[in-house]
Number of protein chains: 2
Amino acid sequence: MEEKTIEREVIYQGKIFDVEKHVVSLPNGNTSVRELVYHNGAVAVLVIDESDNIVMVEQYRKAFESMSLEIPAGKLEKGEEPLASAERELEEETGYTAESLEKIFSFYGAPGFCSERVDVYVAKGLSAGEMNLDEDEFLNVKRYSFDEAVDLLDRGIITDAKTIMAIQWWQLSRLK
Amino acid sequence: MEEKTIEREVIYQGKIFDVEKHVVSLPNGNTSVRELVYHNGAVAVLVIDESDNIVMVEQYRKAFESMSLEIPAGKLEKGEEPLASAERELEEETGYTAESLEKIFSFYGAPGFCSERVDVYVAKGLSAGEMNLDEDEFLNVKRYSFDEAVDLLDRGIITDAKTIMAIQWWQLSRLK
């Protein structure tokens, strides 16, 4: 089933992603074109605070021109390990440090064309501290009870893949 | 919190997506650059057959050079309604037609840079028929029991966002 690259064209080399166009050979011997977005990967953290509230960040998402309510997340710096990145993003976006971060799943959000893998962790043993945002990062930290979070999900207010998955995981973990 | 576009550069106009680079104004008056992937959107369908098995498709994903096990899905054709697209993809990839498709959620898989919204449906009232794949589409239809699907999820074999969400939704719907 493998699609071998026969020709590779670099379309764009950006800060967040690169774009390439590959001519590939198909299992039936034909060729086809694949347009691909290469991304370094990202991490996200499910944070349940001492009052059993989920901690989320609300920010503007330019790609769809709307505010979005999401669990804390960020992209991997070059050469950075996912776990270290998750610790860093957690502290930058919420001020929290965690005794441990446990991976709950890894996912591809757009497997048809994009290499971005997101590793999602759950934070255990939180200590509160100071937020420390990137220069061009603007976000509001929000806290919601379990029932509120499930309601936001059921009403379709939450539309971010990692956040939907994380809240479902939270629901399932409470039912086990 | 809105980020207004001040300058817009079209980097690439492809078949699957376009790429643009925007200079935006930030809430603090500074400017920043956003690299953006514009995608027409997609649909996916959770299919539980008459034997209570989930129907998935296994295919090669060039973006991360691996096989991937996913619920049936596809991109919206130009001007196509999501519901019509879901009916079409369901029939093309699995041969099934459904009495009704009910939307269970919409998500953005890569909200930091990509506009692709995926609408996920659950199929009700299935009738079996013939598959009808696109010319350059190669996939194996696979069926798994509830326990097998949950095990594939727990072991991290399933890494596709829409499929993780759909299986968790299935788990939650059985617990309600």
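A polar contact is a pair of N or O atoms within 3.5 Å; within protein, one must be able to donate a hydrogen and the other to accept it, and residues adjacent in sequence count only if both atoms are side-chain atoms. This is a predicted model, in which local features need pLDDT of at least 70 and side-chain atom pairs count only at pLDDT 80 or more, while totals for chains, interfaces and linings use all residues. Residues are numbered from 1 along each chain as its sequence is written, chains are lettered from A in the order in which they are written, and side-chain values use heavy atoms, without hydrogens and water.

Select chain A and chain B together. Between them are 17 residue pairs in polar contact, both residues at pLDDT 80 or more.

Next, show the contacting residues (heavy atoms within 4.5 Å): 65 of chain B meet 65 of chain A. On the chain B side, 32 are nonpolar, 16 polar and 17 charged, where Ala, Val, Leu, Ile, Met, Phe, Trp, Tyr, Cys and Pro count as nonpolar, Asp, Glu, Lys and Arg as charged, and the others, Gly among them, as polar.

Then select Ile54(A), Met56(A), Ile54(B) and Met56(B), the residues with the most contacts inside the largest nonpolar core, which has 56 residues. Such a core is a set of buried Ala, Val, Leu, Ile, Met, Phe, Trp, Tyr and Cys residues joined through side-chain atoms within 4.5 Å, buried being under 20% relative accessible area (1.4 Å probe, protein chains only). Finally, select Phe113(A), Ala110(B), Phe113(B) and Cys114(B), which are among the 14 residues of a second, separate core.

Technical notes
Buried < 20%, exposed > 50% of the residue type's maximum accessible area, 1.4 Å probe, protein only.
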